[in-house]
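Trainee: Please show me the model, and we will go through its ligand sites one at a time.

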Amino acid sequence: MDKATEQTLKEVKQLIQKAKRICILTGAGVSAESGISTFREAQQKGNEPGKGLWSQYDPQQLASIEGFLKDPEMVWQWYQWRREVNQDKEPNPAHTAIAHWQKQAKESGKQKVTLITQNVDGLHQKAGSDPQVYEVIDIHGNIWQNHCLQCREQHLEDVTGLQQVPECQVCGGQVRPSVVWFGEALDEKKWQDGETAAYCCDLFLSIGTSSQVYPAAGLMMLAKSQGAKIVEINPEPTQSLVVDYQVIAKAGKVLPKLID
Ligand code: BV8
Ligand code: ZN
């Protein structure tokens, strides 16, 4: 690790120890070291020949309400494929460090650590960031759950290996993954809780996100507007002007160093 990054890490570590209210926003980059490809990689790699069945499709087309309405079967099968390739993935040291921090903060009562994740892979929760115990907001939903498009009833049947779009047991409607699609509104309560956390924090950590998807990408500006210090952890800086401390490194590598 170069000298500059070492120096930045030292300063960020002091910020973390002094902060009272911390808001963490994670994106697909924190799951990269668990072997789950990020959204942009999926798009970039998509052009390589034979990069898997779905490489010729644009995730933004598939992860959209229009995409599902146009071809429910295809979108359903894309999610089934993603669930299949990701079911054996484990949390990496980035998830574990954040879960440990939340536990420590709750036990000591000295800090409030809110985790807002854009990820739907459930790895934060698997690492111990339990939404029943800690402030964990999965603003884009959860790929492991399904509900009815028409009546919103949760679909609790096991859908493993199912290639057809399941039928809702209550109204006969179409069952879909419980994720937020492009063009869909976020869950009102989750979004409000996320905005409040960003608005009230004194330290905002943006980890593993390209900050291109809204409204999540606006949280950093909201935190900055009320005076929070902004830290970004990403091997490819997002050139965001509001970042105070840029840690150019992989999350799985530096988070365990930042959080004792
Ligand atoms: C809404 C669930 C309104 C699904 C996802 C034009 C301009 C601005 C906005 C828009 C626009 N046109 C449309 C919009 C709105 C749109 C949007 O923002 N589009 C963008 C792309 C321009 N947003 C929406 O549609 C949202 N809804 O606005 O609704 C509304 C209001 C009322 C009523 C009706 C409607 C909904 C957005 C949610 C979409 N769903 N996921 C699924 O997963 O299938 S978003 C999807 O992208 C994932 O959740 C992903 O997490 C997220 C964001 O991407 P990132 O997490 O940042 O991942 P990415 O690959 O981009 O970056 C990874 C980063 O990690 C990189 O920077 C890389 O360098 C870094 N990295 C890599 N390795 C590591 C690492 N970092 C650290 N360590 C490593 N080892
Ligand atoms: Zn239904």
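Trainee: Which residues are the protein donors of the zinc ion (ligand 2)?

Mentor: This is a predicted model, where local features need pLDDT of at least 70, side-chain atom pairs count only at pLDDT 80 or more, and totals for chains, interfaces and linings use all residues. Residues are numbered from 1 along each chain as its sequence is written, chains are lettered from A and ligands numbered from 1 in the order in which they are written, and side-chain values use heavy atoms, without hydrogens and water. Donors are N, O and S atoms within 2.8 Å of the metal (3.2 Å for Na, K and Ca); water is not among the atoms, so sites may look incomplete. Lying 2.2 to 2.3 Å from the zinc ion, the donors are the SG atoms of Cys148, Cys151, Cys168 and Cys171.

Trainee: How are these donor residues spaced in sequence?

Mentor: Cys148 lies in strand S4 (residues 141–148) and Cys168 in the loop between S4 and strand S5 (175–179), so this pair ties together parts that are 20 residues apart in sequence. Strands here are DSSP runs of E, at least two residues, numbered from the N terminus. The spacing of the donor residues is C-x2-C-x16-C-x2-C.

Trainee: What distance separates a polar side-chain atom of Thr209 from an oxygen atom of ligand 1?

Mentor: Thr209 is among the residues that come nearest to ligand 1, as are Arg40 and Tyr79; near means a heavy atom within 4 Å. For His140, a polar side-chain atom lies 3.0 Å from a ligand 1 oxygen. For Thr209, the distance is 2.7 Å.

Definitions and conventions: A polar contact is a pair of N or O atoms within 3.5 Å; within protein, one must be able to donate a hydrogen and the other to accept it, and residues adjacent in sequence count only if both atoms are side-chain atoms. Helices (H or I, at least four residues) and strands (E, at least two) are DSSP runs, numbered from the N terminus.
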